[in-house]
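The following note records, point by point, what can be read from the model under review. Please consult it alongside the sequence and the coordinates.

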Amino acid sequence: MFDVRPVETDYVRHRAAQFRAQVGRRLDGSLTEDEFRPLRLMNGVYLQLHAYMLRIAIPYGTISPDQMRMLAHLAETYDKGYGHWTTRQNIQFNWPRLVDIPDMLDQLASVGMHAIQTSGNTIRNVTTDAFAGAAADEWMDPRPYAELLRSWSTDHAEFQFLPRKFKIAITGAARDRALVAAHDIGLRLIQQDGRTGFEVWVGGGLGRTPMLGKVIRDFLPEEDLLAYIEAIIATYNLSGRRDNKYKARIKITVHERGLDVFKAEVEEEFANRRRDFHGADREALAIFKDRFAAPAFRNAGTEAYEAERAKNGAFRSWTDTNLHAHKVDGYASVIVTFKTHGETPGDASADQMRLLADLAEQYGHADLRISHDQNVVLPHVHKSDLPAVYAALHKAGLATANAGLTSDIIACPGMDYCTLATARSIPVAQEIAKHFKDNGLEDEIGKLNIRISGCINACGHHHLGHIGILGLDRAGVENYQITLGGDGYDIPAIGERAGAGFPIEEVVPAIDRLLRAYLDVRADASERFIDAYRRLGAAPFKAALYPEPAHA
Amino acid sequence: MSKAFVPTAAKPGVITANDLREGHNVWMCEDGWTPDLAQATLFEDEAIADLALLKAIGQSNIVVGPYLVEARRGPNGPEPTHFREAFRQRGPSNYFHGIQTLKHAEARNV
């Protein structure tokens, strides 16, 4: 049953107090680690390779300036001055002490933030398009529905011990920037016969068994959203496998049982559950739609923007790559990439966080988004303010003009931080970015998605990279497999393994050969790497990766 | 990963874990736990190592997740044999953070 929580900060404070008591009992020996582990995971606390890690929820990537300042404060006070944007629109701190985490959660609660359900076999952060409510190609803002799902799934008693973690994504735009096909449940807002509803996808996911989702409902009326999603997860909760962790995700349930069988069970469950929803969910949705109403957009000229573009080449270059088309004339969404060549993808310093908070307040209708590709978006900036925004970002080293380019790499923390990793990701991303900046090819190569994971769990989305890189441990040495042809957006596709892996020092030369081959074979500069790959197939690219020896 | 490792004279090992309160990596040494692998006790005998591991597991109010892992005898003490353990005793490669900063501070004090 659905219940709107009017004062959620009380609940969050209560949970923080519970965790403080749990930590106290762990430290005084009342709780063993086996008893404590699930409790800390329910509050986003992992024990990683060098330290504890705290993952904090940023629901659908939307964060206010005050919340961003709180993250900056935590980074300085309890971490090493920075945080890391994740591929599920959250933030992770890599160095907190266990004894400090209760204080961190208390302070987060003061701005309505928490780490609940950022780990464990529960419904995780609901993710969406970073340009939600702003994108020119969006016909409906998905955030009210994302908030409805977040509110319903938080502490949902039935779904605290699912067979495995569960991820939901939602989009309301023509181009799917939420990776709907790669989620346990994916939702595309659509319209049919004048009614609003969803195309419902189920059973997508990456990890060791990558699968694209399947459409389980062509059209679900919006008023049935929670009842239907609850029916899917309740069905999975009973029929999902608990005997084998690696076969426990819903993608395996759907795959093994067949979509038709699974769908029949879901529809039966839906018919039963639908009666239990008496309209509180619809009332809540109406409240959330008000909450996410568009800001008061300005009607002003863009002459200053055009003039700056004409006279400042660096500004022009940045606006060419780092702006996203806005639905309102005169506005743009700004992509602030955390991919400065040679830096760690997705790492933000406390000063950078504070600058973003200030810019959002001064120029961006107080709205900030964390994107799944580990960048930050100012969704609503009037073009006349872009010269000032650019100048401020440039001063802080945050105006790298590389959104969507070779160096805009998604990389998981890899073996520099993660206890599950089999190899490092970050140094590979750093070296590739530096290499293509130094040789001057990045602009010529154009749009390219490189994705790097440090193990088969695929947090770096390597399967969805036009070029994917997977780090493995081969006989005690880091070794990197390359996959080609993946795509998370236009035509969802899982990349195909190109061949034998490379030792770490041979990865950059291999990617260099691959991209030079692409430049040789592309029809023209408008044909992206992925387009050329689709047109020509893998052969010319494999030949570049694995050249014949000179003397065979 | 290497939790089932059995030390021998030819393939000795160390016991490592994380510090419960702080989270950083520690190795079992003669008088407790140290953040410096070079100070760790090197085990060459399965029975002695197993007994020490039981003792470590019994110290769950100090450390988390103790396990035995291979190490080799170096000129200054035990050294890692696998790159994962090498990262654990050094720190991340993207920043000068973690255990490597402790060693740096010690070196400056000498």
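**Note on the predicted model**

1. Chain A contains an open sheet of five strands, ordered E3-E14-E15-E12-E11, with antiparallel pairing. Its edges are formed by strand E3 (62-63) and strand E11 (323-325) of chain A, each of which pairs on one side only. The structure discussed here is a predicted model.

2. Within this sheet, strand E14 (residues 368-370) and strand E15 (residues 376-382) of chain A run antiparallel and are joined by two bridges. A:Ile370 has A:Val376, in E15(A), as its bridge partner.

3. Turning to the overall fold, chain A comprises 18 helices and 21 strands. Its radius of gyration is 23 Å, close to the 24 Å that the globule rule gives for 552 residues, so chain A is as compact as a globular protein of that length. Along the principal axes, the C-alpha atoms of chain A fill a box of roughly 65 × 60 × 60 Å. Of the 552 residues of chain A, 52% count as buried. When contacts in chain A between residues at least 6 apart in sequence are considered, 66% join residues at least 24 apart.

4. The domain assignment divides chain A into domain 1 (8-109), domain 2 (142-291), domain 3 (303-395) and domain 4 (410-545). The centres of domain 1 and domain 4 of chain A, taken over C-alpha atoms, are separated by 33 Å. Six residues from domain 1 and eight residues from domain 4 of chain A take part in the contact. On the domain 1 side, the contacting residues are one nonpolar and five polar, with no charged residues.

5. An unreviewed UniProt entry carries the annotation "domain: Nitrite/sulphite reductase 4Fe-4S" for residues 119-272 and 409-545 of chain A. In the model, residues 119-272 of chain A are 31% helix and 19% strand, and the end C-alpha atoms of this span lie 30 Å apart. Residues 409-545 of chain A are 34% helix and 19% strand, with the end C-alpha atoms 20 Å apart.

6. Where does A:Ile409 lie in chain A? The residue is placed in the loop between helix H13 (386-395) and strand E16 (410-411) of chain A. A:Ile409 has 28 other C-beta atoms within 10 Å and is therefore buried, the threshold being 20 or more. Beyond its neighbours within four places in sequence, A:Ile409 is in contact with A:Lys339, A:Pro345, A:Ala429, A:Ile432, A:Ala433, A:Ile450 and A:Ile452. A:Ile409 and A:Ile469 are 60 residues apart in sequence, with a C-alpha to C-alpha distance of 11 Å.

7. Between the two chains, 23 residues of chain A are in contact with 21 residues of chain B. On the chain A side, helix H14 (residues 426-438) gives the most, with three residues. By class, the residues of chain A that touch chain B divide into 11 nonpolar, six polar and six charged.

8. Which residues of helix H2 (residues 83-90) of chain B are buried? They are B:Arg84, B:Glu85, B:Phe87, B:Arg88 and B:Gln89. Just after H2(B), B:Gly91 adopts a positive phi of about 125 degrees.

Note on methods
Residues are numbered from 1 along each chain as its sequence is written. Chains are lettered from A and ligands numbered from 1 in the order in which they are written. This is a predicted model: local features need pLDDT of at least 70, side-chain atom pairs count only at pLDDT 80 or more; totals for chains, interfaces and linings use all residues. Two residues are in contact if their C-beta atoms, placed from the backbone, lie within 7 Å. Helices (H or I, at least four residues) and strands (E, at least two) are DSSP runs, numbered from the N terminus. Ala, Val, Leu, Ile, Met, Phe, Trp, Tyr, Cys and Pro count as nonpolar, Asp, Glu, Lys and Arg as charged, and the others, Gly among them, as polar. UniProt positions are given in the numbering used here, feature names are shortened, and annotations may be inferred rather than shown by experiment. Two strands pair if DSSP finds at least two bridges between them. A residue is buried if 20 or more other C-beta atoms lie within 10 Å of its own, exposed if 12 or fewer, and partly exposed in between; C-beta atoms are placed from the backbone. The radius of gyration is taken over C-alpha atoms; the globule rule is 2.2 Å times the number of residues to the power 0.38. Domain bounds come from an automatic or database domain assignment.
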